[in-house]
Amino acid sequence: MTLLNEKANQNDRISDLPCNVIDEILVNLKIRYQVRTSILSKKWRYMWTSLPHLCFDNDFFERLMHCDDPYPLVYKIIMHVLMLHNGPIHKFSIARWREYEFPISIEKLIMWIPFMSNNIKHLELLTYCAREDENQMPDILFSCKELTYFKLSSFNLYIPHNFYGFKKLLELHLDCIEIESSALESFMSACPFLEKLYLDCCSGCDNLVISSPSLKVLVLELVDTESVCLKKAINLIDFTLTACMSRVSIKSLPKIKRFSLDGWEQHEDIVPATLLTSSFSSLEYLKLGGLELNERGELLHIVSILKSAPSLVKLNIQILSEVNTTQMMEHSKELECCSCCPKLQTVIISVGAYPRQHTLSLIKFILTNSPSLKSLTFYFRSYFKLDARRAREFLKFSQDLLHMERASPGAQVNFLHSTYRQKLLNIGDDRILPSIMPRIQ
């Protein structure tokens with residue numbers, strides 16, 4: 001019997017691991033695997049019930065949505081897990097499933113929150129309301145005073161009169177939320193340490209005013225907003241704006257270090273020239289997406305942005321289309337060499353159509369005005385493979401790049417091509433594409 005016990009102890013080495021190591025193992029398992037560890041041994045039977053993180057993710061819903069009448073089953077399991085839980089819950093997450101959206105009943109949400117309200121720090125409710133007539137954010141969510149991270153979707157954000165703020169909140173995500181600008185301003189003023197704000201497809205704000213002095217990162221995807229005012233967000237350094245469905249204009253902007261803009265409308269309407277000199281002098285990273293270089297004025301606006309950003313180090317430009325024109329580009333003082341990009345080192349220019357005159361003029365301007373440039377990557381992505389005619393056109397284009405004057409003798413130009421059917425290459429903000437074609441020296 002002694003030998004059997006010793007052998008059993010040797011086979012159960014995982015139970016002898018330090019508690020912090022066991023907790024780390026369990027936290028990184030999906031919730032169904034966490035529960036299954038209860039069969040390993042008596043020591044493991046209730047270990048999962050004391051984990052501080054509860055995450056009901058896509059995997060959880062995927063396995064239940066194929067059952068008959070899945071919604072009562074989902075509610076029952078979540079409630080059962082909460083009732084069995086022993087100890088503080090620091091993170092609670094409900095995520096959307098890929099094909100179905102799990103509706104939350106306000107009644108159920110009111111039942112769940114008390115199990116965690118005193119200790120919850122990280123709360124994600126990525127779902128939608130079961131009934132459209134009761135989609136107002138329930139007051140009980142405002143009782144989670146220890147929150148540092150809050151992500152919410154598909155509710156109307158209402159601020160109760162007795163709300164005194166999330167004093168520890170650092171990061172806020174609002175997805176498909178209906179909210180008035182005054183309510184958002186009131187909410188943010190009650191979060192004195194908020195550093196990151198993400199508004200994704202939110203509606204109800206015609207004129208968005210954000211004046212939180214603690215805010216450092218702001219990401220906006222706007223639907224029906226007409227203007228954005230950020231004058232009093234004095235510590236903002238990273239601003240991302242997507243305005244694909246909104247004719248928005250930035251009225252004021254502090255000095256920022258990172259700026260990403262993606263819009264289908266003309267960029268000069270979104271970023272007025274009056275903002276360039278006052279807000280872009282400290283800019284280090286710039287991304288301009290969704291460009292349509294159909295007019296000369298659009299090209300000159302990009303040039304004016306570059307001239308207003310002497311500290312720029314990284315540049316990412318994505319051009320959707322450009323009208324084919326045989327007209328010669330007029331001589332312009334705006335395109336003359338002035339070494340206006342003294343610190344620019346990395347440039348990515350991606351196009352979805354054959355590059356025309358304005359694209360060539362933009363590349364030429366960058367090459368002749370960037371004495372510190374290390375690499376310029378030109379990435380062309382088409383719907384079809386190159387035929388013989390297109391291949392000749394791109395060979396000529398690469399030769400034009402080869403003969404362009406460069407302010408930086410060591411600058412390398414990479415020319416890349418792929419089709420949409422091929423595996424998409426990563427053209428992330430802070431990395432350069434691996435070269436799949438001969439490098440142009």
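A residue is called buried when its relative accessible area is under 20%, exposed when over 50%, and partly exposed in between (1.4 Å probe, protein chains only). The model on display is predicted: local features need pLDDT of at least 70 and side-chain atom pairs count only at pLDDT 80 or more, while totals for chains, interfaces and linings use all residues. Residues are numbered from 1 along each chain as its sequence is written, and side-chain values use heavy atoms, with hydrogens and water left out.

Select Y75 and W112; both are buried.

Next, consider the aromatic pairs. Rings of Phe, Tyr and Trp (its six-membered ring) pair if their centres lie within 6.5 Å; planes under 30 degrees apart are stacked, over 60 edge-to-face, and the rest tilted. The model holds 13 aromatic pairs by this rule.

Select F56 and F92, an edge-to-face pair with 5.8 Å centre to centre and 65° between the planes. F56 belongs to strand β1 (residues 53-56) and F92 to strand β2 (residues 91-94), so this pair ties together parts 36 residues apart in sequence. Strands are DSSP runs of E with at least two residues, helices runs of H or I with at least four, numbered from the N terminus. F56 is buried at a relative accessible area of 0%, and F92 is buried at 1%.

Return to Y75 and W112: their pair is tilted, with 6.0 Å centre to centre and 45° between the planes. Y75 lies in helix α5 (residues 70-84) and W112 in helix α6 (residues 106-112), so the pair ties together parts 37 residues apart in sequence.

Finally, select F142, F150, F163, F166 and F187, which ring pairs link into a cluster.
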